[in-house]
Amino acid sequence: MASVESISCSSTFIFVFLAVFSFILMKKCAKKKPLRLPPGSMGWPYAGETFQLYSQDPNFFFSSRQKRYGEIFKTRLLGCRCVMLASPEAARFVLVSQAGMFKPTYPPSKEKMIGPWALFFHEGDYHARLRKLVQASLAPEALRRLVPGIEAAAASALSSWQEGRVVSTFHAMKKLSFDVGILAIFGGRLDERRKKELRKNYFMVDRGYNSFPMNLPGTHYSKAVKGRKRLGEILSDIVSERRENGDAVENKDLLSSFEEWRSDEGEKLTDNQISDNIIGVLFAAQDTTASALTWIIKYLHDHPKLLEAVKVILESLRMASIISFTFREAVADVEYKGYLIPKGWKVMPLFRNIHHNPNFFSKPHEFDPSRFEVSPKPNTFLPFGNGVHSCPGNELAKLEMLIFIHHLVTKYKFEVVGSNGEVEYSPFPVPKHGLPVRLWAAEQAAGSGGAACRKHPTA
Ligand code: HEM
């Protein structure tokens with residue numbers, strides 16, 4: 001009996017040993033199996049699919065690839081190997097839950113032009129410190145103080161849109177969002193001469209920012225480099241003037257919070273850190289808000305019966321998805337859903353695809369603000385991004401859009417001239433030619449019909 005027991009005992013032992021051994025071996029083999037890259041086309045050498053991205057309708061470029069390859073696919077843009085991710089979970093993975101594995105990344109020429117100390121190029125303590133200052137200066141209490149200034153800027157933008165003259169909406173909105181950016185940064189305490197100087201040099205930088213980065217005399221790029229240098233000098237002068245006048249402590253605005261900041265060791269922000277961040281905030285604030293406003297005006301024109309302004313804004317941000325995606329770079333090899341995202345590859349959560357996915361927004365190509373009567377599901381509505389780099393200016397942008405639309409629809413009538421539904425990039429998508437619009441004061445147009453906007457016969 002004893003020997004039978006010992007035989008069965010040792011065979012159990014051998015069985016357990018073999019099972020454990022083969023399990024470990026299987027796991028080892030499984031680990032060794034190389035992960036696959038996501039499906040997709042890398043396009044032409046170097047350029048990859050850059051040309052297609054900027055020549056096709058943005059909805060088509062992204063959705064055709066998603067249809068073909070699924071929610072994760074690879075491509076090459078501007079010489080960089082990229083993985084595009086089109087699901088809410090993936091956006092959360094990259095921007096929130098595994099944000100440490102993905103760092104912000106921008107082309108070196110853009111980093112140089114804005115200034116290397118701007119917060120969005122950074123991570124860790126420096127980023128957190130700067131972000132806190134920006135967020136505090138754009139908190140609800142601070143925004144409340146800005147309302148009269150934004151009202152004045154909106155009224156001035158509309159009144160300078162001379163009666164009956166056709167104007168590029170995007171152009172007019174760029175001027176408005178620049179003025180509101182200046183207001184948020186300097187708290188309305190900048191004299192006209194300084195504002196004019198900043199505007200002139202800022203727009204030189206803006207024009208060269210997206211041009212080919214070759215510093216040859218006479219090119220937009222070389223003018224932008226000069227404009228950028230001058231901007232830095234003007235900002236340093238403003239900081240010195242404020243220090244001399246000693247008024248920074250009483251009046252809180254973004255510039256004064258940059259000036260007053262001290263680390264525990266008493267260290268201050270340098271002049272370069274301050275000016276790079278001011279220019280950074282202006283850049284982050286301007287084209288984004290101007291493109292969004294241009295789309296809102298187009299949708300208001302196409303759907304004249306819509307009135308609930310907040311939902312119109314949200315639905316416009318969804319439909320237009322002006323920031324179609326953002327970029328990060330994998331800091332190590334990362335596995336996602338069985339695919340490899342290799343170290344050094346760019347990773348792009350595709351906000352546009354998520355916003356246009358019928359599983360999250362029914363009939364996604366129909367403009368329907370009433371869908372925002374119910375809050376969207378988590379991570380499905382990301383016009384302002386998500387996680388540590390999400391937009392700290394989102395409330396200011398919404399306030400500016402609300403105030404402008406209020407003035408537009410209550411005091412003016414407008415018509416879109418020659419819109420054919422085409423899109424151009426400036427650098428965000430906007431309606432072709434910036435949406436040419438003609439505007440009248442409401443009293444003058446009262447005899448010509450009651451609606452705030454009407455379709456031009458050629459539209
Ligand atoms: C409709 C208008 C706007 C849209 C759609 C928008 C969208 C975004 C998005 C998607 C991001 C995140 C980018 C990323 O994760 O890579 C972002 C970041 C940022 N935005 Fe906005 N933005 C708008 C207006 C503004 C305004 C008005 C300001 C400032 C006054 C602003 C300042 C910033 C800054 C400083 C960042 C970088 C934050 C960081 O890296 O921590 N934005 N914005």
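This is a predicted model: local features need pLDDT of at least 70, side-chain atom pairs count only at pLDDT 80 or more; totals for chains, interfaces and linings use all residues.

Biologist: Where does H7 bend?

Modeller: At leucine 146, by about 45°. A proline, proline 148, follows within four residues.

Biologist: Which residues of H7 are buried, and what do they pack against?

Modeller: Leu146, Ile150, Ala153, Ala154 and Ala157 are the buried ones. They pack against H8 and H15.

Biologist: Okay, switching to the ligand. How many residues surround it?

Modeller: There are 25, and the closest are Phe120, Ala284, Gly385, Cys391 and Gly393. The elements giving two or more residues to that shell are helix H6 (124-137), helix H8 (169-186), helix H12 (271-302) and helix H15 (394-411).

Biologist: Which element gives the largest share of the shell?

Modeller: H12, with 6 residues.

Biologist: And by class, what does the shell around the ligand look like?

Modeller: 16 nonpolar, 8 polar and 1 charged.

Biologist: Back to H12, then. How many of its residues are buried?

Modeller: 26 of the 32, so H12 is largely enclosed by the rest of the structure. From first C-alpha to last, H12 reaches 47 Å, close to the 46 Å expected at 1.5 Å a residue.

Biologist: Let's do strands. Which way do the residues of E8 point?

Modeller: In strand E8 (residues 346-349), Lys346 and Met348 point one way, Val347 and Pro349 the other, and all are buried. In a regular strand, side chains alternate between the two faces of the sheet.

Biologist: What about E2 and E8, parallel or antiparallel?

Modeller: Parallel: strand E2 (residues 80-85) is joined to E8 by 4 bridges. In one of the pairings, leucine 85 has proline 349 of E8 as its bridge partner.

Biologist: And E5 with E8, parallel or antiparallel?

Modeller: Antiparallel, over 2 bridges, with strand E5 covering residues 328-330. Glutamate 329 has lysine 346 in E8 as its bridge partner.

Biologist: Why does lysine 363 count as exposed?

Modeller: Because it has 9 C-beta neighbours inside 10 Å, and 12 or fewer makes a residue exposed.

Biologist: And histidine 433, what's its phi?

Modeller: Near 60°, again positive in a residue other than glycine. Histidine 433 lies in the loop between E11 and strand E12 (436-441), and with 17 C-beta neighbours inside 10 Å it counts as partly exposed.

Biologist: Last one: what does serine 257 touch?

Modeller: Leaving out residues up to four places away in sequence, serine 257 touches Leu133, Ala136, Ser137 and Lys252. Serine 257 lies in helix H11 (residues 254-260). Serine 257 and serine 137 are 120 residues apart in sequence, yet 7.6 Å apart in space, C-alpha to C-alpha.

Note on methods:
Residues are numbered from 1 along each chain as its sequence is written. A residue is near a molecule or strand if its C-beta atom, placed from the backbone, lies within 6 Å of it. Ala, Val, Leu, Ile, Met, Phe, Trp, Tyr, Cys and Pro count as nonpolar, Asp, Glu, Lys and Arg as charged, and the others, Gly among them, as polar. A residue is buried if 20 or more other C-beta atoms lie within 10 Å of its own, exposed if 12 or fewer, and partly exposed in between; C-beta atoms are placed from the backbone. Two strands pair if DSSP finds at least two bridges between them. The expected span of a helix is 1.5 Å times one less than its number of residues. The bend at a residue is the angle between axes fitted to the seven residues ending there and the seven starting there. Two residues are in contact if their C-beta atoms, placed from the backbone, lie within 7 Å.
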